[in-house]
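Please look over the model below before reading the points. They cover the fold, the overall dimensions, the surface and the sheet.

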Amino acid sequence: MKTQTIKLDQFLKLKGIASTGGQAKLMIQSGEVKVNGSSETRRGRQLVAGDSVTVAGKRFTVE
């Protein structure tokens, strides 16, 4: 069985954190986004259920 994943930039759009893919890309590249407590600059980073994404002090959990 394959684990469901979502790319970091897609997750930011899905949650309404970024309104466009371009905005998501800029947020990620500028170091504003943390995954599981560490800065993440790869927008293609694959997220799995349970991963934590933090942007501007707000935490979102991948379900």
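1. Helices (H or I, at least four residues) and strands (E, at least two) are DSSP runs, numbered from the N terminus. Along the sequence the protein reads β-α-α-β-β-β-β-β, that is, 2 helices and 6 strands. The radius of gyration is 11 Å, close to the 11 Å from the globule rule for 63 residues, so the protein is as compact as a globular protein of that length. The radius is taken over C-alpha atoms, and the rule is 2.2 Å times the number of residues to the power 0.38.

2. This is a predicted model: local features need pLDDT of at least 70, side-chain atom pairs count only at pLDDT 80 or more, and totals for chains, interfaces and linings use all residues. Residues are numbered from 1 along each chain as its sequence is written, and side-chain values use heavy atoms, with hydrogens and water left out.

3. Along the principal axes, the C-alpha atoms fill a box of roughly 35 × 20 × 20 Å. Of the contacts (heavy atoms within 4.5 Å) with a separation of 6 or more, 38% are between residues 24 or more positions apart.

4. Buried residues (under 20% relative accessible area, 1.4 Å probe, protein chains only) make up 30% of the 63.

5. Four strands form an open sheet in the order β3-β2-β5-β6, with antiparallel pairing; pairing requires at least two DSSP bridges between two strands.

6. Which residue of β6 is the bridge partner of T54? The partner is R59. Strand β5 (residues 52–55) pairs with β6 in the antiparallel sense over 4 bridges.

Conventions. Buried means under 20% relative accessible area, exposed over 50%, partly exposed in between (1.4 Å probe, protein chains only).
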